[in-house]
Amino acid sequence: LILAVPIAIVAGLSQSAKSGAVIKGGAILESISRVETVLLDKTGTLTHGGPALSSVCSAPGITVDEVIAIAASVDQYSPHVVARAIVEHAKKNNLAISPCSDISELPGVQISGSINGEKVTVGQLTVDRPDWLTFAEPLMVAVTRNDQLVGVIGLKDPIRPESKAIIAALRSAGVKRIALVTGDRDETAQEVAAALGITEVFSQTTAAGKLKITTDAMASTTGTVVVVGDGINDAPALAAAHVGVAMGARGASAASEAADVIIVDDAIDRLIRAIQISKRARRKALQAAGIGMSLSLVIMATG
């Protein structure tokens, strides 16, 4: 009776770690087994998180290379996967990346800085589409200089091939509510959600917005709320949730530090395995405790 429950919990933690999901403690394992709500980030979680530049349009009088170069100059200070893709593209094409000052970032929304006295902002496209913008990619990053739109960078971030099966597996595991929570544009978010069969979507959310969505979900359910993400803008929600799950293979270190579970491989299907293991470990622990208590009662009765 004394050893049964700890052994079941430790075995569950060990099996989960071997499966690629590091769970930080027995209480977290038990909490995962009662999951009812899962809030999923998009970029790097349901998608590969490795977007690549596919299209670039520039305003009249400005070259495409100049747009990419000034965007990369600011983005080099951001840990976001989209920013890293732009920087890597600039380096690959030998474009000049300038040092910046006065860096200010709103995680998941935009980052700004000063280059030779000019303010440059790289982030979501929030203004009306100009006439010279001829494409409509799933991810579109606006580049402004001194508050004037100078270019738009289009990127593609393909959905992970296993993501649709993961959503179905979560429902089979007893998850009652699955929502997509992302900082991306509504069009992009809805497109991904429709492809995966997710009906509840929160788009263009900031770190504070994700935190509020998480706390609201926790207040409206008696089960466990799990938040899955990989970016620095996910960290507050990961820390506040009943269980925060970080995609640690390529995600921000802040997300991993705030999370209760770390997926060490770049594969979200490890989350399903962790849920299955936690449910089995909890079931075994309860069975062992029940058997132990029954045997104790029998011995006391016959003694």
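Buried means under 20% relative accessible area, exposed over 50%, partly exposed in between (1.4 Å probe, protein chains only). This is a predicted model, where local features need pLDDT of at least 70, side-chain atom pairs count only at pLDDT 80 or more, and totals for chains, interfaces and linings use all residues. Residues are numbered from 1 along each chain as its sequence is written, and side-chain values use heavy atoms, leaving out hydrogens and water.

**View 1. Strand β12 (residues 243–247) is largely enclosed by the rest of the structure, because five of its five residues are buried.** Strands (E, at least two residues) and helices (H or I, at least four) are DSSP runs, numbered from the N terminus. Side chains in a regular strand alternate between the two faces of the sheet. On one side of β12 sit Val-243, Val-245 and Met-247, and on the other Gly-244 and Ala-246; all are buried.

**View 2. β12 pairs with β11 (residues 224–229) and with β13 (residues 261–263).** Pairing requires at least two DSSP bridges between two strands. β11 and β12 run parallel, joined by four bridges. Val-226 stands opposite Val-243, and Val-228 has Val-245 as its bridge partner. Three bridges link β12 to β13, also parallel. Here Val-245 partners Val-261.

**View 3. Seven strands form an open sheet with mixed pairing.** The order is β1-β13-β12-β11-β2-β9-β10. β1 (21–23) and β10 (200–202) are the edges; each has a single partner strand, so one side of each lacks a neighbour in the sheet.
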